[in-house]
Amino acid sequence: EQGFAIAQWETSMLDAMHAASVDVRDVDAVKEFFVNTLGFELTADDTFPGGFRWVTVRPVGSTTALALNHNPEATPHPIGSGITFSTKDIDKFYETLSAKGVVFDGPPQVMPWGAKGLSFADPDGNKYFVGE
């Protein structure tokens, strides 16, 4: 199996993931949450004809961004997320961000696979998972 994965990687034309997208209703509130509360850096905030906004944020030092999509002309998408972040100290993450008003599903818990994890929501209700 490992040989197959290595061979597959060596033949891939892709070398990185640029961004993962999440649809938001209030792009300014969600942008503010990621930049001012979570400490992400703003990497783009562009408005296109029709009101579509392309806003990207990312953890400082990361090469992958989170695209906060807002398209007023599109059919609204259900709120949700499949985005997962990682941290080296989940207890400190939880304590620091709880003090800033971040809404968590609860404190860090040991997951069935043995690592600690928790979930939080952005101002639009999108859920994100953080694992240690």
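Which residue in the turn of the hairpin formed by β3 and β4 has a positive phi? The residue is G61, with a phi of about 90°, and 6 residues lie between the two strands. The model is predicted: local features need pLDDT of at least 70, side-chain atom pairs count only at pLDDT 80 or more, and totals for chains, interfaces and linings use all residues. Residues are numbered from 1 along each chain as its sequence is written, and side-chain values use heavy atoms, with hydrogens and water left out.

**Nonpolar core**

- The largest nonpolar core has 24 residues; such a core is a set of buried Ala, Val, Leu, Ile, Met, Phe, Trp, Tyr and Cys residues joined through side-chain atoms within 4.5 Å.
- Those with the most contacts inside this core are F34, L38, L66, L68, F85, F120 and Y128.
- At least two core residues come from each of β1 (19–23), α2 (27–37), β3 (53–58), β4 (65–70), α3 (90–99), β8 (116–121) and β9 (127–131).
- Helix α2 gives the largest share of the core, 4 residues.
- Helices (H or I, at least four residues) and strands (E, at least two) are DSSP runs, numbered from the N terminus.
- In soluble globular proteins, nonpolar side chains tend to be buried together.
- Not counting residues up to four places away in sequence, Y128 touches V22, F34, L66, S81, I83, F85, L118, S119, F120 and D122, where contact means heavy atoms within 4.5 Å.

- Buried means under 20% relative accessible area, exposed over 50%, and partly exposed in between (1.4 Å probe, protein chains only).
- Strands β1 and β4 pair in the parallel sense over 5 bridges, and A19 stands opposite A65 in β4.
- Two strands count as paired if DSSP finds at least two bridges between them.
- The pairing of β3 with β4 is antiparallel and also has 5 bridges; V57 has L66 in β4 as its bridge partner.

**Strand β8 and its partners**

- Strand β8 has 5 of its 6 residues buried, so it is largely enclosed by the rest of the structure.
- Strand β6 (residues 103–104) pairs with β8 in the antiparallel sense over 2 bridges, and F104 has F120 in β8 as its bridge partner.
- Strand β7 (residues 109–110) is antiparallel to β8, with 2 bridges, and Q109 stands opposite G117.
- Between β7 and β8 lie 5 residues of a hairpin, where G114 in the turn has a positive phi of about 105°.
- Strands β8 and β9 run antiparallel and are joined by 5 bridges; G117 stands opposite G131 in β9.
- These two strands, β8 and β9, form a hairpin with 5 residues between them, and G125 in the turn has a positive phi of about 95°.

**Aromatic pairs**

- Rings of Phe, Tyr and Trp (its six-membered ring) pair if their centres lie within 6.5 Å; planes under 30 degrees apart count as stacked, over 60 as edge-to-face and the rest as tilted.
- By this rule the count comes to 12 aromatic pairs.
- The rings of F33 and F34 have centres 5.4 Å apart and planes at 85°, so this pair is edge-to-face.
- F34 is buried, with a relative accessible area of 0%, and F33 counts as buried at 7% relative accessibility.
- F93 and F104 also form an edge-to-face pair, 6.0 Å centre to centre with 80° between the planes.
- F93 lies in helix α3 and F104 in strand β6, so their pair ties together parts that are 11 residues apart in sequence.
- One aromatic cluster is formed by F33, F34, F40, F85, F93, Y94, F104, F120 and Y128.
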